[in-house]
Amino acid sequence: MSILVANGLTHWYGSDSALEGVDLVMDSGEHLAVLGENGAGKTTLLRILATAARPTSGQLEILGLDAFRERARLRRRIGFVTHSPGLYPALTATENLEFFCDLYGVSRSRASEALETVGLRQVAQRRAARLSRGMQQRLAIARAILHDPRLLVLDEPDASLGSDAGDLLAGIMTGRTVILATHDHALASRLCPRSLVLRHGRSAGTPTRLHVVK
Amino acid sequence: MNPVRVALAVARKDLRSEWRTRELVPALAQFIVLALIIANFGFQIDPHNAPSIAPGILWLALVFAGLVAFGRAFAAEREQATLEAILMTPASPVALFAGKALASAALLILCEAVMLPALALFFGAMLSGAVVAAVLLATIGMAALGCLFAAMVARIRARELMLPLLTLPLWIPFIVAGGQAVQSAMGLGGGYDEAIGLLIDLDILFVVLTSLAARFVLDE
């Protein structure tokens with residue numbers, strides 16, 4: 001069953017094209033790596049797929065719902081990790097997650113479970129500002145899985161995670177549909193059986209499911 | 001999802017962050033005391049005219065402190081890259097907005113707790129429950145409008161310039177009605193009840209309007 005269907009996703013920043021006619025189909029539980037040089041359009045594509053941005057044109061359906069009309073409903077089912085951790089520096093790791101538990105409408109006990117999953121239990125009471133960059137990134141990943149999303153969109157989450165990034169990501173990706181943008185081809189091939197290569201905002205292939213390179 | 005739970009969570013988070021960092025309140029309190037000292041020396045003040053000048057000074061200091069307080073409400077979220085994180089949750093934008101407005105209003109009320117006694121000290125203004133009520137009622141509507149425009153300008157470059165340009169014209173009714181209420185409560189003439197009634201009407205109007213608008217402002 002297709003969990004995500006994108007048709008002709010195009011995005012312009014002013015007069016600059018960031019994404020041109022990208023098509024994509026993903027089945028439930030699939031893991032897809034999005035690869036490409038800097039400026040290829042990976043972040044733009046991921047922000048659109050996570051419903052954080054609207055494309056200039058194109059259609060996107062996630063879990064059978066129009067992604068732009070049903071954003072509020074879909075966001076209960078999507079977890080998004082961006083380059084920047086986006087944490088509250090004055091709050092502890094636990095407080096950061098408990099705050100987002102309230103926003104997602106899930107039990108606060110999910111915070112400690114998520115901290116355990118990403119290996120931050122021992123720094124649960126440390127303020128986010130005093131965590132290392134890698135720990136902050138783990139905390140951002142913990143936040144993205146608080147509500148047990150079906151679709152996980154990860155934009156270069158491995159940038160500062162350290163040597164066990166693969167194991168950590170493999171753990172949280174299990175049982176979920178995942179779109180992972182990364183520059184690390186070895187990590188991509190380990191975690192994702194499929195990959196989509198972007199070049200100057202276009203997918204490097206024919207505009208059908210076949211362009212998703214096996 | 002319970003919007004009240006979301007609004008309270010946002011307000012609690014903002015107030016807890018402020019309590020720990022003490023970024024805003026000490027600066028605002030200092031700003032208010034300095035404004036009062038400057039006004040004290042800037043005007044030809046004697047024991048006869050000081051109480052009549054006090055309401056004007058109060059609203060001037062309150063307006064500028066409010067601009068700083070409300071401006072930080074969303075600017076801090078943007079700088080920490082947390083704005084997108086909270087908008088990516090299924091929480092209602094109206095509840096998020098209400099929480100931010102609640103926290104900003106609480107911070108401004110803290111500043112008012114410094115300003116009113118200082119006003120009595122420097123200008124011999126008569127403080128009473130009626131003065132406090134007028135200031136608090138004005139704070140509600142000003143917080144709603146200030147936070148809405150702060151959210152609107154949070155993602156643009158010239159936000160420090162745009163926030164006062166957008167906010168100040170719509171704060172004028174609060175300054176007029178609040179000014180009249182405070183003057184009357186300080187025994188300087190004018191109808192207190194009419195002014196308070198107008199403040200309540202303005203509060204209801206702008207709280208409803210800004211809540212409706214918040215959905216569109218925070219949606220993208």
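Chain A has seven helices and ten strands. Both kinds of element are DSSP runs, with helices (H or I) of at least four residues and strands (E) of at least two, numbered from the N terminus. This is a predicted model; local features need pLDDT of at least 70, side-chain atom pairs count only at pLDDT 80 or more, and totals for chains, interfaces and linings use all residues. Residues are numbered from 1 along each chain as its sequence is written, while chains are lettered from A and ligands numbered from 1 in the order in which they are written.

**Chain A overall**

The radius of gyration of chain A is 17 Å, which agrees with the value near 17 Å for a compact globule of 214 residues. That radius is taken over C-alpha atoms, and the globule rule is 2.2 Å times the number of residues to the power 0.38. Along the principal axes, the C-alpha atoms fill a box of roughly 50 × 35 × 35 Å. Of the 214 residues, 48% count as buried. Buried means 20 or more other C-beta atoms within 10 Å of the residue's own; exposed means 12 or fewer, and partly exposed lies in between, with C-beta atoms placed from the backbone.

In chain A, β1 (residues 2–13) pairs with β4 (residues 57–62) in the antiparallel sense over five bridges. Pairing requires at least two DSSP bridges between the strands. L4(A) has I62(A) as its bridge partner in β4(A). I62(A) also stands opposite L65(A) in β5(A). β4(A) and β5(A) run antiparallel, joined by two bridges. Their hairpin has two residues between the strands, and L63(A) takes a positive phi near 55 degrees.

**Two helices**

The expected span of a helix is 1.5 Å times one less than its number of residues.

| Helix | Residues | End-to-end C-alpha distance | Expected span |
|---|---|---|---|
| α3(B) | 30 residues (50–79) | 42 Å | 44 Å |

Eleven of the 13 residues of α5(A) are buried, so α5(A) is largely enclosed by the rest of the structure. Among them are M135(A), R138(A) and I145(A). The buried residues pack against elements of chain A including β6 (78–81), α3 (93–104) and β7 (151–155).

In chain B, α3(B) bends by about 35 degrees at A73(B). The bend is the angle between axes fitted to the seven residues ending there and the seven starting there. Just after α3(B), A81(B) takes a positive phi of about 60 degrees.

**Confidence**

The complex has an ipTM of 0.85 and a pTM of 0.87 from the predictor. Chain B has a mean pLDDT of 88; pLDDT is the predictor's confidence in each residue, from 0 to 100.

How values were computed:
Two residues are in contact if their C-beta atoms, placed from the backbone, lie within 7 Å.
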